[in-house]
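Here's a quick tour of a few local features. Take a look at the model first, then read on.

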Amino acid sequence: MLDLDWRPRLNTLTRNAWGLTFGGGVQAAEPTPSEQIAQGLHRDLYRFGALAGDNPVLMVPPLAAPAHCYDLRPGQSLAAHLLGSGRTPYLVDYGTMTSADRDLGFEAWVDDIVPEAVRRVSELHDGAPVDLIGWSLGGTLSLLTASANADLPIRSVTAIGTPVDYEEIGAIAPLRAIGRITGDRPLTAATWALGGLPAPVVQASYRFTALQRELTKPWFIARNLHNTETLARMESIDKFMAAMPGYPARFFHQVCTQLILGNTLASGEFRLGSRTVPLSALSVPVLAIGGTEDVIAPVASVARITDVLTGVPSVRFETAPGSHLGMLAGPGARATTWAHIDDFLTESALQLV
């Protein structure tokens, strides 16, 4: 006769197996409640929680990643953590990119989209300065926005998993080697023709960087079929990768020519149209966090930021365990990445007192 103590476990195994196969998943998504504050092309602005206090934080997503990277699910939500720590988090959402957006480049975000969001958030808080938080290329956009717009009410910038020295990224070394011979054309010709880098290509590229995870996934599921929380975390990452949008052609061209092949950030500058934006112009405190298992933005690539920000009052570099996404929303993020952010935001606020 079956031991009654095994019945709850068996029920969990059965429920999870059904959810992963024929059902709608092991756990329903529960996004942190938010309110849309403003609407516009590639610039929808959301606020989590009620309008309160003078601690506004604007989360800046990268392109080619869903904006809900900051709010995957309960326990994997930087937005919920910030809200619970007494801050008012905001999120700018770019929406979907199509071939009609082929001419959008870094200029659209650095000179228009992100500054507009910063000003609107500041106005909602009676002119209070805004803390920017950007993951991956969202950190690049945040750093460049603060460097190019000294008049913006920005209090600090946090860059999570944001590469600065692209020579330290082993995964793109073959692209850099080919590019030294052929230039950027092999990388960008097709995207110009298509109007951008299609979403399926972005999704496949991201999965390739986590090839071991993909190959061992069946064994991982089998070992954790009894653990609903672990499977729910896995499922949230799978849904995140499946929702990745594409890059506009011009933006991708700039990534290839300036970041991957030119490695311009490592020399402390970035070209926006006819002008060059020096990172030395940035004049607010900066926190950079590198993931110890991140192959997209290795620690050495992220750490280079301490050499190029010569005009900031302080630059703090920390490491956190985890992959590119794991350091932002993995099981250890609360005690590492999020804790570093809490300390930094508190210190930045005190510097203005």
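This is a predicted model: local features need pLDDT of at least 70, side-chain atom pairs count only at pLDDT 80 or more; totals for chains, interfaces and linings use all residues.

| Element | Residues |
|---|---|
| Strand 9 | 269-272 |
| Strand 10 | 275-278 |
| Helix 3 | 106-124 |
| Helix 10 | 249-261 |
| Strand 12 | 315-320 |
| Helix 13 | 326-329 |

On to the helices. Helix 3 packs against helix 10 with about 100° between them and 8 Å from axis to axis. An angle of 65 to 115 degrees counts as roughly perpendicular, so that is how helix 3 lies relative to helix 10. Who touches whom? On the helix 3 side, Phe106, Glu107 and Trp109 take part, and they meet Arg250, Phe251, Gln254, Val255 and Leu259 of helix 10. Sort the residues of this contact by type and you get five nonpolar, two charged and one polar.

Last stop: the histidine. His324 belongs to the loop that links strand 12 and helix 13. Is His324 buried or exposed? Its relative accessibility is 4%, and buried means under 20%, so His324 counts as buried. The side chain of His324 also has a partner, as a polar contact of 2.7 Å joins His324 to the side chain of Asp294.

Notes. Residues are numbered from 1 along each chain as its sequence is written. Side-chain values use heavy atoms; hydrogens and water are left out. Two strands pair if DSSP finds at least two bridges between them. Helices (H or I, at least four residues) and strands (E, at least two) are DSSP runs, numbered from the N terminus. Axes are lines fitted to C-alpha atoms, for helices over the stretch in contact, and angles run from 0 to 180 degrees between N-to-C directions. Angles under 35 degrees count as roughly parallel, over 145 as roughly antiparallel, 65 to 115 as roughly perpendicular and the rest as oblique. Contact means heavy atoms within 4.5 Å. Ala, Val, Leu, Ile, Met, Phe, Trp, Tyr, Cys and Pro count as nonpolar, Asp, Glu, Lys and Arg as charged, and the others, Gly among them, as polar. Buried means under 20% relative accessible area, exposed over 50%, partly exposed in between (1.4 Å probe, protein chains only). A polar contact is a pair of N or O atoms within 3.5 Å; within protein, one must be able to donate a hydrogen and the other to accept it, and residues adjacent in sequence count only if both atoms are side-chain atoms.
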